[in-house]
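Subject: Model for you to look at

Hello,

Here is the structure I promised to pass on. Please open it alongside these notes.

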Amino acid sequence: MRVPYSYLREQFADSEPILRDIKGLLESTQFTLGPPVAEFEERFARLCGARHAIGVGTGTDALFLSLKALGVAPGDEVITAADTFIATAGAIVQAGARPVFVDVLDDFNIDPGKIEAAITPRTKVLLPVHYAGQPAKMGPILEIARRHQLPVVEDACQAISAAIDGKLVSNFGVAAGFSLHPLKNLNVWGDGGVIVTNSSDMDATLRLLRNHGLRNRDEVEVFGYNCRLDSLQAIVGNHLIRDTEAITAARIQNALALDAGLAPLAPRVRVPKRLPNERHVFHLYMFEADDRDQLLAWLLEREIEAKIHYPVPLHLQPAGRGLGYKEGDFPVAERQAKRIITLPVHQHLRAAQVQFMIDCVAEFYHAR
Amino acid sequence: MTGPIMRVKYMDLPRQFEDGAVVARVMDEFKRCQFVLGPQVAEFEGRFARVCGAAHAVGLNSGTDALFFALRALGVGPGDEVITVPNSFVATAGAIVMAGATPVFVDVNAEYLMDPARLADALTPRTRAIIPVHLTGNPADLDAIGAIATRRNLPIIEDAAQAVGAAIGGRVVGSIGAAAAFSLFPLKNLGVAGDGGMLTTGSRELFEKVMLLRHHGLRNRDEVEVWGYNSRLDTIQAIVADAVLDGLEAVTATRIRNAAFYDRALAPLAPRIVVPPRRPGVRQVFHTYVVQAERRDGLREFLDSRGVETKIHYPIPIHLQKAAEGLGYKRGAFPVCEAQSERIVSLPVHEYLTPAEQQYVVDRIREFYGQ
């Protein structure tokens, strides 16, 4: 049974309503920061239960601009998790700062117990990642931030609608970055990102920075960037944002089925503990597995498109060499990099496909 | 004035997409496309490189990013200086600041272009690159600038954001400097349905660096070679660009014809109106048609009241912007640019202007000056 990772074909089987609106845009030609962007920003802010949303070019830009709005500059350090998509660290480097990594917990998110040891006088921002859609431990993180008077920017690129005790991500830090990349839970037809903030100052600064620092057509307040969410992509977003809750619910349901099906395979399969007060939205369904590489090959052979997010931790990437880390610095992240595997969990999976994945994983371990 | 008021828009963007066949074609491709770095991006890059006579072209998120990536790929960073002009769109200086470097300005000549005679004064030991701007679609004097750059072994990055198709002699812009940056912003001669930009270069090494940098520094899905960025031309925009590119030569030819009409018709109004100077052997593509006008603001108001939309590119030079306060320039630093900023006005020159509309614009200008 084929279990593909990408679901874009199914998601856009009927794209006529979106295409109709795009055709309207081509006729109106309000391509740059037009009404669809403002409408999408409003909807996005509402979905997050936050005051402001700013549409930008990418999730990477969302993090980069948030750091710049907080004044991050060369010589500064920004603390983040050791296992995340490269763009988290890339955005820090782009802002001129140095990424300082902290090891992670079994839920793949930054370990609050190890953050304080990483804080130096040069630390400017804490940048926890809600990795895979699992919210980071924001209670303890905010406590540390408060003690050290550091702003927190949430990397919520994979975590739209995730929550802790009913409080949605993006409402913990001073700003949060979201990605609208085609494979995200809320996606568009190309690159796109959103920054969410409850601070009017941040909102004003970010709106300047994303559009060349222009106060109006002729006056340049600060040197800025060109990082705008295209109106065309906002149109797609305006259609899809109506589905976000249903998509999230479907992913959670698939994840719970996988959890139940894989539980008997412990300890060879190690699914992170789920806490009832945390809403994990399962952008990725990740777990640790014995004999991971063989399991991956086994699943691929059975046309289950499993993946690894990611096999090489950031501090061991060629790009990370200049940071001076070495193997052994982040034992949990390093162990996980060798053991993690990601199964399809998207909203277009059928129950039979979920069961097939469980059966194949079980069969793999029973055969050994 | 006799006769009714005629509405002459500065640009008529909706007409770009009024051709049902073009819209149907792009819409059909949208349905089936791979949204991020789909094959249409590479196809458009290949076509664009050929248009520019360059070996390589890379699709990026914006023209600003194209300048920034050229600087980054050439190793420009904090502590470095990059020379450019103060009369450009702010993004030219913005890209330099984004790279961590300091913009150093050189005054312009009567053609609104970097004045090579003043370039030497701006050079310091920290100068790392020169960004001449082909403002209005008129190529900067790359022979004279190039001679100075070569002596100092400095790379030239062409800011060709407004100048696709322009040429000096047989050399097309985008093929002359170490790299060139183009914008695909909707109002450009080659515009898409959102943000987009192109970098061209003859250097394989620079090309490969930019290809890495635009996509998170990823060598492949799992290996990160260098710290990078996320700046990709959307596949959807590449599809639009490819469709629009078919009409580029016609758009350029029409703009050149419209400019020639103004040149002739406005010449008798000199010196109250100064039409853009020409130099032989140069192909200007007239992204904007900029004249200098006596009583500029009065003229604009008058034209506006008669239905003619005009613009100013740009009323405040970059060195006098609030953003530039830290750079330490004062009013008077660039007298030519400053004087021009008070006299320049951009007349509609777009490809959808009719001869009657152009004649109307000319007649109203004459009327304003009492001729």
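Predicted model: local features only at pLDDT ≥ 70, side-chain atom pairs only at ≥ 80, totals over all residues.

Interface between the chains

Chain A puts 56 residues in contact with 54 residues of chain B. About 4700 Å² is buried between chain A and chain B. Carbon and sulfur atoms give 64% of that area. On the chain A side, the most area is lost by Leu26(A), Arg217(A) and Phe223(A). Together they make up 15% of what that side buries.

Chain A and chain B share four salt bridges. Glu16(A) pairs with Lys31(B) in a salt bridge, with the closest N and O atoms 3.6 Å apart.

Which elements of chain A give two or more residues to the side that touches chain B? They are helices H2 (16-28), H4 (59-69), H5 (86-94) and H8 (231-240) of chain A. H2(A) gives the most, with seven residues. By class, this side of chain A has 27 nonpolar, 17 polar and 12 charged residues.

Nonpolar cores

The largest core has 79 residues. Those with the most contacts inside it are Phe44(A), Phe178(A), Trp189(A), Phe30(B) and Phe44(B). Its largest share, eight residues, comes from helix H8 (residues 235-245) of chain B.

Best wishes

Notes: Residues numbered from 1 in each chain as written. Chains lettered and ligands numbered in written order. Heavy atoms only, no water. Core = buried A, V, L, I, M, F, W, Y, C linked by side-chain atoms within 4.5 Å. Buried < 20%, exposed > 50% of the residue type's maximum accessible area, 1.4 Å probe, protein only. Helix = DSSP H or I, 4+ residues; strand = E, 2+ residues; numbered from the N terminus. Contact = heavy atoms within 4.5 Å. Buried area = accessible area lost by both parts, 1.4 Å probe. Salt bridge = Lys/Arg side-chain N within 4 Å of Asp/Glu carboxyl O. Nonpolar A, V, L, I, M, F, W, Y, C, P; charged D, E, K, R; others polar.
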